Every structure is written in C-alpha cells, then in structure tokens.
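Me: I am new to this structure and would like to learn how to read its features. Please take them one at a time.

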Amino acid sequence: MKAYQLTIPVENKPCVLAEITSILSRKKINIRSAAITSFGNSGFINLIVNNPKQGHKALAKEGILAELKEVIAVLIEDRPGGLDKLLQVLCTENINIENGYGFVIESRKNAVFVLEIKDPEPAKDLIEASGFKTLTPQELSA
C-alpha cells in the first residue's frame with residue numbers, strides 16, 4: 001500500500017496555514033507531520049495526515065489546491081549518521097530526492113525520513129533491500 005502526503009502550494013502570508021488546519025480539523029483529519037517551506041512570496045505546505053484522500057477532498061471542496069503525492073517513509077536510527085546511511089544508499093544508485101523532511105518519533109532511538117522521489121517503487125525496493133524499514137500508511141499516520 002502506498003503512503004501519501006498532501007502538498008499545498010501557498011502564498012507566503014499570515015493565516016494561510018491556519019485556514020488549512022481549520023478545514024482539516026472540522027473534518028476530523030489528524031495532522032501527523034507538517035513541513036512548511038517558502039521562497040519569496042510563495043511556498044509549499046507538506047502534510048502527512050491520517051486520511052490523505054479525505055484531506056485532499058476536504059481542501060478541494062473549500063477551493064484549496066492540493067496534490068496527493070506518493071512518498072516513502074523510512075524508519076532510521078536517531079543518532080549521528082542515521083540519515084547519512086540512508087542517503088548514501090540512494091546516492092550510490094543516483095536516485096534524486098525531490099523533497100524530503102524528517103521527524104523524531106523516539107529520541108535517541110527512531111526517526112522517520114519522508115522522501116518524495118519521482119519513481120518511488122524502485123527506490124523503495126532498494127531501501128528495503130538495504131535493510132531499512134519503510135512505513136505503511138497506517139504506521140505513518142499512527
């Protein structure tokens with residue numbers, strides 16, 4: 001089963017994020033992770049939510065453009081070099097990361113790094129063959 005994030009292009013101005021979180025909150029959609037980037041007057045909000053398809057539908061109904069993007073969520077060790085180990089595997093095969101962000105789930109033990117890769121299936125196979133655990137959508141949103 002594939003994991004997805006909501007990617008929302010936004011203007012860099014006050015209350016944009018609050019508008020999005022309000023819509024999701026009203027629909028009882030839980031945000032599990034958020035990454036916000038801006039460049040000048042615009043940017044992107046990437047959200048991992050417990051029900052990405054419903055989140056996408058709720059935002060669209062309110063006129064907010066959002067895209068469901070397939071991602072690979074990889075469990076890594078929360079220690080120096082934990083992320084590097086994963087990235088070296090991808091680099092060896094010349095796999096480009098289009099977007100990525102991480103978060104700690106248990107300090108000094110486990111973290112998650114979320115990868116957006118143009119062709120995710122071969123990358124996911126490589127990651128798993130290299131001994132890393134990828135998270136299912138249920139594990140990612142738990």
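Me: Which element gives the largest share of the lining of the largest pocket?
Reply: This is a predicted model. In it, helix 5 supplies the largest share of that lining, with 4 residues. Strand 1, strand 3 and helix 2 also give two or more residues each, and helix 5 spans residues 137-141.

Me: How many residues line the largest pocket, and which lie nearest its centre?
Reply: The lining has 14 residues, and Lys 2, Tyr 4, Asn 50, Pro 52 and Pro 137 lie nearest the centre. By type, the lining divides into 8 nonpolar, 4 polar and 2 charged residues. The space in the pocket is about 180 Å³.

Me: What are the pairing partners of strand 1?
Reply: Strand 1, residues 3-11, pairs with strand 4, residues 67-77, in the antiparallel sense over 5 bridges. One of the residues involved is Tyr 4, whose bridge partner in strand 4 is Glu 70. Strand 1 also pairs with strand 3, residues 42-49, again in the antiparallel sense, over 6 bridges. There, Val 10 has Gly 43 as its bridge partner.

Me: How should I read a nonpolar core?
Reply: In soluble globular proteins, nonpolar side chains tend to be buried together. Here the largest nonpolar core has 15 residues, and among those with the most contacts inside it are Ile 8, Ile 20 and Leu 59. Strand 1, helix 1, strand 3 and helix 2 each give two or more residues to this core. Helix 1 gives the largest share, 4 residues.

Me: What is Ile 20 in contact with, beyond its neighbours within four places in sequence?
Reply: Its contacts there are Ile 8, Val 10, Ile 45, Leu 47, Leu 59 and Ile 64. A second, separate core has 14 residues, including Val 74 and Ile 117.

Conventions: Residues are numbered from 1 along each chain as its sequence is written. This is a predicted model: local features need pLDDT of at least 70, side-chain atom pairs count only at pLDDT 80 or more; totals for chains, interfaces and linings use all residues. Side-chain values use heavy atoms; hydrogens and water are left out. Two strands pair if DSSP finds at least two bridges between them. A nonpolar core is a set of buried Ala, Val, Leu, Ile, Met, Phe, Trp, Tyr and Cys residues joined through side-chain atoms within 4.5 Å. Buried means under 20% relative accessible area, exposed over 50%, partly exposed in between (1.4 Å probe, protein chains only). Contact means heavy atoms within 4.5 Å. On a 1 Å grid over the protein atoms alone, a cavity is a set of points where a 1.4 Å probe fits but cannot get out, and a pocket is an open set with protein on both sides within 12 Å along at least five of seven lines; lining residues have an atom within 4 Å of a point. Grid points are joined across faces, edges and corners, and a volume is the space filled by probe spheres set on the points. Ala, Val, Leu, Ile, Met, Phe, Trp, Tyr, Cys and Pro count as nonpolar, Asp, Glu, Lys and Arg as charged, and the others, Gly among them, as polar.
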